[in-house]
Protein chains: 2
Amino acid sequence: MYDMTFELHAGGGKCLYEQIYEHIKTEIKDGKLLAGERLPSTRSLADYLQVARSTVEYAYEQLLSEGYIESQPYRGYFVCAMEELFNIEEMSCGEEAKRSSAEGREGGSTSRERESWEYNFSPHDIDMSGFPFGVWKKITKNILTYGNSELFARGEAQGDYDLRETISRYLHSSRGVNCDPEQIIVGAGNDYLLMLLEKILGRHRRIAMENPTYMRTYRIFQSFAYDVVTVEMDENGMRTDCLIKENVNAAYVMPSHQYPMGIVMPIGRRIELLKWAAGGENRFLIEDDYDSEFRYYGKPIPALQASDQQGKVIYIGTFSKAIAPAIRISFMVLPRTLLERYLENCSFYSCTVSRIDQRILNEFIRDGYFERHLNKMRKIYRAKQERLLQCLEPFKERFIVSGETTGLHLILTAKGKIAEEELLEKAKEAGVKVYGLSDSMVQMSPRNAAVLLGFGGLSPEQITEGVKRLQTVWL
Amino acid sequence: MYDMTFELHAGGGKCLYEQIYEHIKTEIKDGKLLAGERLPSTRSLADYLQVARSTVEYAYEQLLSEGYIESQPYRGYFVCAMEELFNIEEMSCGEEAKRSSAEGREGGSTSRERESWEYNFSPHDIDMSGFPFGVWKKITKNILTYGNSELFARGEAQGDYDLRETISRYLHSSRGVNCDPEQIIVGAGNDYLLMLLEKILGRHRRIAMENPTYMRTYRIFQSFAYDVVTVEMDENGMRTDCLIKENVNAAYVMPSHQYPMGIVMPIGRRIELLKWAAGGENRFLIEDDYDSEFRYYGKPIPALQASDQQGKVIYIGTFSKAIAPAIRISFMVLPRTLLERYLENCSFYSCTVSRIDQRILNEFIRDGYFERHLNKMRKIYRAKQERLLQCLEPFKERFIVSGETTGLHLILTAKGKIAEEELLEKAKEAGVKVYGLSDSMVQMSPRNAAVLLGFGGLSPEQITEGVKRLQTVWL
């Protein structure tokens with residue numbers, strides 16, 4: 001039997017049972033205690049170490065449950081036979097040291113490596129200063145007060161029914177979308193919903209996108225088992241005559257406000273697309289209605305889905321732009337045919353949005369706060385856009401300004417022969433970040449240099465100052 | 001020119017501009033206004049209808065932006081040429097009627113179709129009565145008060161660095177997991193993380209699972225382009241000798257507490273698995289550590305990842321069991337090699353968890369509430385388990401009770417020849433829901449009937465009463 005000679009340290013960092021456990025484990029790992037060897041009985045080891053017998057029993061139990069030793073009835077405890085042990089846990093100290101240094105080096109940067117520019121005309125930034133924190137907080141508080149524990153239990157896969165009902169009403173009245181709550185799937189962001197859609201539509205899709213387009217979506221489709229083809233566009237959006245020539249069975253469009261070109265697709269083109277989709281059983285249109293809330297002239301353009309009578313449009317909407325990117329709530333409206341496929345093949349995927357957040361959003365919309373918030377933000381953004389348009393007046397000799405009906409950015413296209421790179425470089429020297437149209441291009445095509453100027457995240461004063469700087473370097 | 005004869009209704013539901021807009025749109029769709037036809041000038045229509053000119057202009061602008069009409073400089077407005085129009089929006093009324101009835105029929109049921117049993121021994125239910133609502137609410141309130149707008153902006157794809165740092169510390173101290181915050185990806189639930197993992201690991205995987213196993217994961221793998229093979233298990237978990245024979249490059253295991261069998265994988269078997277994985281560059285082990293927090297005897301078993309020195313283990317953990325399923329926060333620890341693949345191919349997927357929720361969870365763990373909550377819940381669950389074990393004493397002549405070291409359910413295996421179905425049926429007659437082991441079986445294998453008895457969601461009194469009922473029908 002193994003000779004157990006080791007000292008226990010009272011008052012040290014580790015309790016007695018842990019010291020015994022650690023010691024024996026180390027002995028086994030170091031090969032000092034070999035497979036098949038018998039350990040002292042709990043009674044004799046307790047006597048020897050002058051500890052309570054239960055302390056030793058506790059240590060043995062732990063070794064037993066981790067599989068280092070085994071017990072044989074009426075015989076005692078034996079070291080288990082096992083394959084050559086990796087040198088477990090000894091590395092911990094070294095790893096720890098490495099980790100601390102990694103934290104020191106990378107810790108700050110990863111989370112805050114966003115480049116700092118004096119004026120950043122990002123087309124993706126939104127204005128959070130108008131966000132009704134007070135209301136959001138009040139609703140949250142009420143929910144956690146009256147919220148019973150049910151709210152913390154697992155919810156429905158498609159999202160809570162109440163929220164889906166609220167969304168379907170909102171979509172009907174504000175976007176003309178016709179759908180039942182049953183057709184809606186709530187998910188944590190568009191990226192997730194597209195991943196889910198891949199499972200619903202099935203693999204091996206050939207999908208058409210415009211060029212330029214929203215590159216995030218392009219990369220996501222590429223990460224799927226999808227062939228992505230780009231289809232030429234004109235001033236009305238995706239060209240149907242070109243689409244027809246491609247052997248695709250899905251097309252991704254943003255009819256209410258094409259990103260980045262800002263095109264609102266006219267009804268004629270929409271009908272052409274719907275006709276194309278109706279021409280094949282397995283053809284679908286994916287409508288990304290990402291920022292249709294911010295339309296400054298006329299009443300909102302109905303969604304493409306509103307014109308779809310054949311169940312060909314998959315509608316995707318989000319609250320990222322209209323409320324805040326951080327709340328991570330998007331939704332997808334499936335046509336009936338695909339709903340069946342979803343229920344059959346994908347309904348076991350749990351909902352990705354917390355039920356508390358779903359409830360907050362539901363009350364925020366239901367009680368009219370969302371509409372008020374939208375009206376307020378529309379005014380704020382319109383004022384910013386007007387400011388930007390005004391500031392851009394002097395640019396009109398050398399640039400074309402477009403994309404002003406909707407959304408949170410404008411496009412500036414050079415009339416003369418200047419490279420996009422040069423525009424970006426000059427802006428950078430002046431401390432201003434603008435975004436090249438080529439960032440959104442899947443394939444480069446010969447066209448005049450163009451940049452996007454987003455105004456959502458800047459104050460009117462910043463817009464004025466930023467454009468002034470551009471004026472000094474560009475004009 | 002088109003003869004515009006229609007009446008406006010003052011004081012009706014629709015404002016004047018909308019009536020004009022709707023009327024012209026309908027005329028176009030009904031083919032009464034044909035492509036190329038010229039509309040009256042805004043001035044003459046305004047005169048005719050006795051409305052302000054701006055009202056007509058507004059209506060025309062809307063038609064223009066939707067693509068029904070186009071303007072030609074110095075000539076006026078013309079109806080656009082377009083393909084045969086689908087009969088848009090006319091269906092709205094019919095659809096509306098259909099929708100209301102669907103809501104009436106399905107509305108309640110979908111959201112609340114959970115079968116009602118007097119005693120439901122679900123292995124997935126947890127006890128929410130111990131949840132520290134007060135603390136959660138306080139933290140939430142503070143965050144929304146001091147939270148600046150940054151919290152509502154888009155966060156890092158992998159999750160907020162602070163939370164990842166907190167998780168890495170927690171994992172190290174409580175699970176022995178060695179990782180940097182850089183290796184952690186926070187996501188909205190395990191299902192989502194598995195979807196992401198599919199993108200990281202790449203398609204065409206052949207993956208091994210135990211039988212029985214966690215069927216939700218099985219179904220998810222099946223929905224991927226994965227070949228799923230089941231590998232025989234013994235009392236130590238997945239049999240490595242069988243695994244070796246299968247031509248697989250990934251294996252999914254739950255070493256701390258196999259679901260549903262409750263097996264804790266001993267260190268010997270763990271090392272065998274790690275050796276297998278080390279034998280191929282592209283081989284990985286997916287460790288699902290779903291409920292290791294609830295261990296009732298001895299100190300926690302370290303995670304398999306803790307023994308991994310070759311970067312072979314993908315560790316997945318969740319707060320669904322330990323806090324609440326509804327908060328939808330899980331995390332994945334990637335080995336360095338896969339981290340690179342993630343950063344290259346998948347880091348454009350936005351994080352699926354709201355930053356507010358991330359911050360709440362971070363403070364909940366960081367400030368020690370999580371540990372206190374776990375200690376409290378461990379006691380509550382241990383008491384429930386003891387109660388269940390005690391109540392099951394009379395069953396021991398005819399059943400074997402197992403799985404008592406960890407987790408929120410026990411297994412009852414019949415010693416004699418009785419069908420699982422019969423056990424379930426009899427329980428049902430007594431108003432008691434128990435769960436057949438076959439629910440977790442990918443392939444049926446000849447074994448004695450067994451049922452799972454979960455105790456997380458039942459009170460001690462309900463446990464006593466429920467088991468009493470089982471006693472009357474089973475013994």
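Predicted model: local features only at pLDDT ≥ 70, side-chain atom pairs only at ≥ 80, totals over all residues.

Student: How many cavities of 30 Å³ or more does the structure hold?

Tutor: There are 16 cavities of that size in the structure.

Student: And how much space lies in the largest cavity?

Tutor: The largest cavity has a volume of about 160 Å³. Its lining is made of 17 residues, and those closest to the centre are A:Ile356, A:Asp357, B:Ile356, B:Asp357 and B:Ile360.

Student: Which helices supply at least two residues each of that lining?

Tutor: In chain A they are α5 (133-146) and α12 (355-366), and in chain B they are likewise α5 (133-146) and α12 (355-366).

Student: How do the lining residues divide into nonpolar, polar and charged?

Tutor: The lining of the largest cavity has 11 nonpolar residues, four polar ones and two charged ones.

Student: Let us change topic to strand β5 of chain B. How many of its six residues are buried?

Tutor: Five of the six are buried, and this strand, residues 205-210, is therefore mostly covered, given that buried means under 20% relative accessible area.

Student: In which sense does β5(B) pair with β6 of chain B?

Tutor: The pairing of β5(B) with β6(B), residues 226-231, is parallel and extends over six bridges. Within this pair, B:Arg205 is opposite B:Tyr226 of β6(B).

Student: What about β5(B) and strand β9 of chain B?

Tutor: Those two are also parallel, with three bridges between β5(B) and β9(B), residues 250-253. Here B:Ala208 is opposite B:Ala251 of β9(B).

Student: What is the strand order of the open sheet in chain A?

Tutor: This sheet of four strands runs in the order β13-β14-β17-β16, and its pairing is antiparallel. The edge strands, β13 (399-402) and β16 (435-436) of chain A, each pair on one side only. Five bridges link β14 (residues 409-414) of chain A with β17 (residues 450-454) of chain A. A:Thr413 is opposite A:Ala450 of β17(A).

Student: One last topic: where is B:Asp127 found?

Tutor: B:Asp127 is in the loop between β3 (119-120) and α5 of chain B.

Student: Is B:Asp127 buried or exposed, and why?

Tutor: B:Asp127 is buried because its relative accessible area is 12%, whereas the cut-off is under 20%.

Student: Which side chain does it contact?

Tutor: The side chain of B:Asp127 makes a polar contact of 2.7 Å with the side chain of B:Lys384.

Methods: Residues numbered from 1 in each chain as written. Chains lettered and ligands numbered in written order. Heavy atoms only, no water. 1 Å grid on protein atoms, 1.4 Å probe; cavity = no way out; pocket = protein on both sides within 12 Å on 5 of 7 lines; lining within 4 Å. Points joined across faces, edges and corners; volume = space filled by probe spheres on them. Nonpolar A, V, L, I, M, F, W, Y, C, P; charged D, E, K, R; others polar. Buried < 20%, exposed > 50% of the residue type's maximum accessible area, 1.4 Å probe, protein only. Pairing = 2+ DSSP bridges. Polar contact = N/O pair within 3.5 Å; in protein donor to acceptor, adjacent residues only side chain to side chain.
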